Amino acid sequence: MRWEDDRGPGLSRAGGAGPSDHKAITLDHQTVMVPILTLPSAVSHYTARVSAHGNGATLLRAGEPIADITFPKQPRFYGLQTEDGVPYWKLATLHGSDVLATTVLQTCTRYGNRETACQFCAIGQSLAAKSTVPEKTPAQLAEVARAAAELDGVKHVVLTTGTPRTPDRGAALLAECARAIKAASGLPIQAQCEPPEDFAWFRRLQEAGVDSLGLHLEAVTERVRRRIMPGKAEVPVSVYFDAFAEAVRVFGRGQVSTYILAGLGDTREEILEMSERLVKAGVYPFVVPFVPISGTALEHEPPPDALFLRDTLDGVAAILADHELKSADIKAGCGRCGACSTLKAREVGRA
Ligand code: SF4
């Protein structure tokens with residue numbers, strides 16, 4: 001989508017892990033993260049014209065008005081800072097309309113090396129821009145989560161992490177942070193990491209207050225995984241399925257999820273076949289469109305084709321419905337938020 005007025009009002013974000021180069025917009029009661037800072041968005045058929053009072057905008061397709069949109073407001077917790085002077089917005093951000101999200105460890109052993117880096121990832125960009133800090137402490141995140149819940153009605157928390165060299169793959173820091181956040185706010189928490197060497201970490205995470213877990217495949221075939229994410233692909237899909245089985249035992253059916261980026265090279269059939277396998281294992285396949293983020297190795301890649309996305313996401317929604325797995329039943333995390341994909345809206349549409 002293009003903007004007639006720079007980035008317009010509301011919240012937008014460049015760089016970092018997770019959704020980036022996006023703006024949060026609310027359309028028909030659903031908040032979605034729409035790419036506005038990527039190269040392809042400059043030639044999008046869709047334009048937003050900010051209204052005179054500045055609180056909303058008109059969505060235009062090829063110059064014709066098609067809908068009114070609004071924006072989640074800047075949260076009040078963004079105006080606060082810790083006792084040692086770190087602004088809360090550098091520690092965690094509002095995602096969608098009611099999610100507090102943070103990358104507890106903003107560095108990754110795979111990032112910055114062509115041999116190992118995930119080509120779609122921008123985890124180092126926000127650190128380079130000094131818009132975040134390299135590692136968040138449990139005490140800092142507890143403070144931010146309490147404020148976000150009290151001042152802004154945040155409903156759940158996403159804790160993700162870059163991958164450290166250690167065999168826990170970041171689970172130890174995630175557990176410490178979850179324990180502190182839960183004690184301070186009581187909010188439901190999703191943790192996201194690569195599968196740790198010892199799956200006993202899943203129980204430790206749950207005991208620390210984590211309610212749901214994300215173990216992210218990103219791409220479903222070894223062919224695409226080796227090409228796009230050579231370091232992460234050293235952990236094969238079979239190990240992910242071992243991890244999924246243990247994680248579902250600990251967190252329950254539907255409380256374990258995986259991110260799948262549609263548009264990296266996996267076909268619709270491959271994504272649907274994997275989604276069916278995942279759902280049967282009790283894992284929610286959160287399929288989202290790949291976004292070619294500026295400054296990454298894939299910034300010049302075309303975004304996924306709209307018909308491919310429609311057919312793929314409709315197919316995943318049908319599989320979820322057949323097996324009665326619902327985003328609304330996820331206690332916390334990306335699947336419950338759903339702002340990075342239209343999958344949730346398609347699930348609701350089917351219902
Ligand atoms: S789906 Fe996940 S990554 Fe996307 S906005 Fe929601 S919480 Fe953030």
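**Entry 1: the sheet**

I began with the open sheet, where seven strands run in the order β8-β9-β10-β11-β12-β13-β14 with mixed pairing. I noted that β8 (93–95) and β14 (283–289) are the edge strands, each pairing on one side only. From one strand to the next I found a twist that averages 30°. The model I am reading is a predicted one.

**Entry 2: strand pairs**

I looked up the pairing of β9 (residues 99–103) with β10 (residues 156–160), and the sense is parallel, over five bridges. Threonine 103 stands opposite threonine 160 of β10. I then moved on to β10 and β11, which also pair in the parallel sense, here over three bridges. In this pair I found leucine 159 opposite alanine 191 of β11.

**Entry 3: the side chains of β11**

Which way do the residues of β11 point? In this strand, residues 189–192, Ile189 and Ala191 point one way and Gln190 and Gln192 the other. I wrote beside this that side chains in a regular strand alternate between the two faces of the sheet.

**Entry 4: α6 and α7**

Next I checked α7 against α6, and the two pack at an angle of about 25°, with their axes 11 Å apart. Angles under 35 degrees count as roughly parallel, so α6 is roughly parallel to α7. I recorded the crossing of α6 and α7 as right-handed. Val237, Phe241 and Phe244 of α6 make the contact with Met274, Arg277 and Leu278 of α7. Sorted by class, this contact of α6 with α7 has five nonpolar residues, no polar ones and one charged one.

**Entry 5: α4 and α6**

I then looked at helix α4 (residues 200–207) and helix α6 (residues 237–251), whose axes come within 9 Å and cross at roughly 30°. That angle makes α4 roughly parallel to α6. The crossing of α4 past α6 is right-handed. On the α4 side, I listed Phe202, Arg203, Leu205 and Gln206 as making the contact. On the α6 side, I listed Ala243, Glu246, Ala247, Val250 and Phe251. By class, the contact of α4 with α6 has six nonpolar, one polar and two charged residues.

**Entry 6: tyrosine 240**

I picked out tyrosine 240, which sits in helix α6. Tyrosine 240 counts as buried because its relative accessibility is 0%. What does tyrosine 240 contact, leaving aside its neighbours within four places in sequence? I found Glu194, Pro195, Leu215, His216, Leu217, Arg225, Lys232 and Val235. Leucine 217 is 23 residues from tyrosine 240 along the chain, and their C-alpha atoms are separated by 7.5 Å.

**Entry 7: aspartate 211**

Where does aspartate 211 lie? I found aspartate 211 in the loop between α4 and β12 (212–214). The relative accessible area of aspartate 211 is 19%, and buried means under 20%, so aspartate 211 is buried. Not counting residues up to four places away in sequence, aspartate 211 touches Lys182, Leu187, Pro188, Ile189, Phe251, Gln255 and Lys331.

Key
Residues are numbered from 1 along each chain as its sequence is written. This is a predicted model: local features need pLDDT of at least 70, side-chain atom pairs count only at pLDDT 80 or more; totals for chains, interfaces and linings use all residues. Side-chain values use heavy atoms; hydrogens and water are left out. Axes are lines fitted to C-alpha atoms, for helices over the stretch in contact, and angles run from 0 to 180 degrees between N-to-C directions. Helices (H or I, at least four residues) and strands (E, at least two) are DSSP runs, numbered from the N terminus. Angles under 35 degrees count as roughly parallel, over 145 as roughly antiparallel, 65 to 115 as roughly perpendicular and the rest as oblique. A crossing is left-handed if the near helix is turned anticlockwise from the far one by less than a right angle, and right-handed if clockwise. Contact means heavy atoms within 4.5 Å. Ala, Val, Leu, Ile, Met, Phe, Trp, Tyr, Cys and Pro count as nonpolar, Asp, Glu, Lys and Arg as charged, and the others, Gly among them, as polar. Two strands pair if DSSP finds at least two bridges between them. Buried means under 20% relative accessible area, exposed over 50%, partly exposed in between (1.4 Å probe, protein chains only).
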